[in-house]
Amino acid sequence: MLDGQTIVIEDYLEIKPYNREKLFAALKSGKIICGPWYILPDELLISGESHIRNYLKGTEIVAGAGTKMETAYLPDSFGHPAQMPQIVEELRGKLGSLASFTGELRSGERSMLLGGTLSTRMYLKQKNDAVQNRMERYLEPVLAIEKLCGGKWDARGYQDYIRKKILENHPHDSICGCSIDEVHAEMVSRYECVERLENMLIQDAVVRCAYKKEEKQPERRTGLFLFG
């Protein structure tokens, strides 16, 4: 069992691509179980949308590799948000017949929870919040507006790449800031790459929307495009 993740498949095949058939055979036979997630995140430090994209990316990776684990495998010692069962249910995960609890599962009464990681290496949380918000509240909406305006430019490749890079920073020891310095230095590089791409794509999309408006109303030589 690959800890509920599928990113391990990508990592392994980057080093040993010649074992692809052997690996897929083991996955299809059930000797190895993976998924349903792309990475095993800290559930409290990433957005709801990131949880959904994490599941969708995991499903995409495992589609050609065999069957994914149907259980929403989340053995996270950092705690669980109260909304996690709702997210899993909507994603058609199997909740099972376990006992029900109300509220966030963050009490340290019966198990060791690492609550202090919510503030460890705070700059990572701040960068994550910034790139997530820019993606979910600006880039994706403005690209949707462009499509509604008749735009033909296909940004899906960029969007998938950005989402993947954001998710690569969401494994729990990474986003919690409790790994080694080298891991977090690499995270910062990913965030900076994502930030540059997001800003470029937003700027370009706004310009294309403005030109599209001018094409439809050539008599109006000046205009104002507002997005917020």
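Is glutamate 195 buried, partly exposed or exposed, and at what relative accessibility? Glutamate 195 counts as partly exposed, because its relative accessibility is 33% and the class runs between under 20% (buried) and over 50% (exposed). This is a predicted model. The protein has eight helices and zero strands. Buried residues make up 39% of its 228 residues.

**Fold and confidence**
- Along the sequence, the pattern reads α-α-α-α-α-α-α-α.
- The average pLDDT is 85. A score of at least 70 is reached by 82% of the residues.
- Helix α6 (residues 156-167) has the highest confidence, at 96. Helix α4 (residues 84-90) has the lowest, at a mean of 84.

**Salt bridges**
- Side chains of opposite charge can pair when their charged atoms come close.
- The count here is 15 salt bridges.
- Glutamate 195 pairs with arginine 134, with the closest N and O atoms 3.8 Å apart. This pair links distant parts of the chain, since glutamate 195 is in helix α8 and arginine 134 in helix α5 (residues 122-148), 61 residues apart.
- Glutamate 10 lies in helix α1 (residues 7-15) and lysine 164 in helix α6, so the pair ties together parts that are 154 residues apart in sequence.
- Lysine 164 is partly exposed, with a relative accessible area of 22%.
- Glu10 and Lys164 belong to a network of salt bridges that also takes in Lys165, Glu168, Glu186 and Arg190.
- Glutamate 49 bridges to arginine 53, with the closest N and O atoms 2.6 Å apart. Both sit in helix α3, four residues apart, so about one helical turn separates them.
- Glutamate 49 is partly exposed at 28% relative accessibility. Arginine 53 is partly exposed too, at 24%.

**Aromatic rings**
- A pair of aromatic rings is described by the distance of the centres and the angle of the planes.
- The structure holds two aromatic pairs. One of them joins tryptophan 37 and tyrosine 55, with ring centres 5.8 Å apart. Their planes stand at 75°, so the pair is edge-to-face.
- Tryptophan 37 is in the loop between α2 (20-29) and α3 (48-63), and tyrosine 55 is in helix α3. The pair therefore ties together parts that are 18 residues apart in sequence.
- Tryptophan 37 and tyrosine 55 are both buried.
- Tryptophan 153 has a charged neighbour: arginine 208 lies over the face of its ring, at 4.2 Å from the ring centre.

**Surface patch**
- Trp153, Tyr158 and Met200 make a nonpolar surface patch of about 270 Å².
- Methionine 200 is found in helix α8 (residues 181-216). Methionine 200 is partly exposed, at a relative accessible area of 35%.

**Loop between α3 and α4**
- Proline 75 lies in this loop. Its relative accessibility is 45%, so proline 75 counts as partly exposed.
- The C-alpha atoms of proline 75 and aspartate 3 are separated by 8.4 Å. Along the chain, these residues are 72 residues apart.

Conventions: Residues numbered from 1 in each chain as written. Predicted model: local features only at pLDDT ≥ 70, side-chain atom pairs only at ≥ 80, totals over all residues. Heavy atoms only, no water. Patch = residues over 30% accessible without salt bridge, like charges linked within 9 Å, V, L, I, M, F, W, Y side chains within 5 Å. Areas by Shrake-Rupley, 256 points an atom, 1.4 Å probe, with all protein chains shown as cover. Salt bridge = Lys/Arg side-chain N within 4 Å of Asp/Glu carboxyl O. Helix = DSSP H or I, 4+ residues; strand = E, 2+ residues; numbered from the N terminus. Buried < 20%, exposed > 50% of the residue type's maximum accessible area, 1.4 Å probe, protein only. pLDDT = per-residue confidence, 0-100. Phe/Tyr/Trp six-rings, centres within 6.5 Å; stacked < 30°, edge-to-face > 60°. Lys NZ or Arg CZ within 6 Å of the ring centre and 35° of its normal.
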